[in-house]
Amino acid sequence: YASILNIDNCEFIYNKIGGIGGVLSCESSTITVTNSTFVNTTSRSSPCLRASSSNVVIDLCKFINNSGTNNFGSVNINKGTFYISNCEFINNSAKTSGGSIYHSSSSLSDITIENCTFYDSKAKTGGSIYTRSGNIKINGCKFYNSQAQTGGAISFENRIWSKNSLFINITSTEFINCSSELKGGAIYCEK
């Protein structure tokens, strides 16, 4: 049996958890989140959404001032199919990787991010987006003022323990005033 979760027109404000998934944490589920707002949520990791081995659609949502105080950013995706569209990510941060979106799987995932805007995202690696493996498509997005030590806006790192390849396709996307202290002011890519 699979879990099916639909969230529409909801607000999640000032939620806090010491662990993972400050608002929502799901495994082996089908999740659709639309027209919703996540504001000022903090957790050790993945303050808004953590989904593993799931099919996830996020559309027309806003993620504002959310913080992963120990690890990852607002949305943590791990194994599955993910479609994120028409969303705004504003002033989100992570202590380590992916200030707004973090993909943590060593397994192959299909991830599409379309027509999203990222403002002022910050992390150590991948100011806005960090991923390790999978098929990644980014289309029609805008990144403003993203900052990191490596990969100011996006960091693609196919680590040695990942047995899958990393396929990246970025089209019709703008990077404006993004910066990094070490490598890749806008994009960093590593085997």
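The following legends describe close-up views of a predicted model.

View 1. Of its 191 residues, 50% are buried, and the exposed surface comes to about 8400 Å², of which carbon and sulfur atoms supply 46%. Among contacts with a separation of 6 or more, those between residues 24 or more positions apart account for 84%.

**View 2. An open sheet of seven strands with parallel pairing.** The strands follow the order E2-E6-E9-E12-E16-E19-E23. Strand E2 (11-13) and strand E23 (174-176) each have a single partner strand and stand at the edges, so one side of each is left without a neighbour in the sheet. From one strand to the next, the twist averages 5°. Within this sheet, strand E9 (residues 62-64) pairs with strand E12 (residues 88-90) in the parallel sense over three bridges, and the bridge partner of Phe63 in E12 is Phe89.

**View 3. The salt bridge between Lys62 and Glu88.** A search of the whole structure finds one salt bridge, in which the closest N and O atoms of Lys62 and Glu88 are 3.8 Å apart. Because Lys62 lies in strand E9 and Glu88 in strand E12, the pair ties together parts that are 26 residues apart in sequence. Lys62 is partly exposed, with a relative accessible area of 38%, and Glu88 also counts as partly exposed, at 27% relative accessibility. Side chains of opposite charge can pair when their charged atoms come close.

**View 4. The stacked pair of Phe12 and Phe38.** Eight aromatic pairs are found when the whole structure is searched. One of them joins Phe12 and Phe38, whose ring centres are 4.9 Å apart with 15° between the planes, an arrangement that is stacked. Phe12 belongs to strand E2 and Phe38 to strand E6 (residues 37-39), so the pair ties together parts that are 26 residues apart in sequence. Phe38 has a relative accessible area of 4% and is buried. Both rings are members of one aromatic cluster, formed by Phe12, Phe38, Phe63, Phe89, Phe118, Phe143 and Phe175.

**View 5. The stacked pair of Tyr119 and Tyr144.** These two rings form an aromatic pair at 5.1 Å centre to centre, with 10° between the planes. Since Tyr119 lies in strand E16 (residues 117-119) and Tyr144 in strand E19 (residues 142-144), the pair ties together parts that are 25 residues apart in sequence. Tyr119 counts as partly exposed at 29% relative accessibility, and Tyr144 is likewise partly exposed, at 21%.

**View 6. Strand E11 and its parallel partners E8, E14 and E15.** Strand E8 (residues 49-59) pairs with strand E11 (residues 75-85) in the parallel sense over ten bridges, and here Val57 stands opposite Tyr83 in E11. Strand E11 is also joined to strand E14 (residues 101-103) by three bridges, the two running parallel, with Tyr102 in E14 as the bridge partner of Asn76. A further five bridges join E11 to strand E15 (residues 110-114), again in parallel, and there the bridge partner of Phe82 is Ile111.

Notes:
Residues numbered from 1 in each chain as written. Predicted model: local features only at pLDDT ≥ 70, side-chain atom pairs only at ≥ 80, totals over all residues. Heavy atoms only, no water. Pairing = 2+ DSSP bridges. Helix = DSSP H or I, 4+ residues; strand = E, 2+ residues; numbered from the N terminus. Axes fitted to C-alpha atoms, helices over the stretch in contact; angles between N-to-C directions. Phe/Tyr/Trp six-rings, centres within 6.5 Å; stacked < 30°, edge-to-face > 60°. Buried < 20%, exposed > 50% of the residue type's maximum accessible area, 1.4 Å probe, protein only. Salt bridge = Lys/Arg side-chain N within 4 Å of Asp/Glu carboxyl O. Contact = heavy atoms within 4.5 Å. Areas by Shrake-Rupley, 256 points an atom, 1.4 Å probe, with all protein chains shown as cover.
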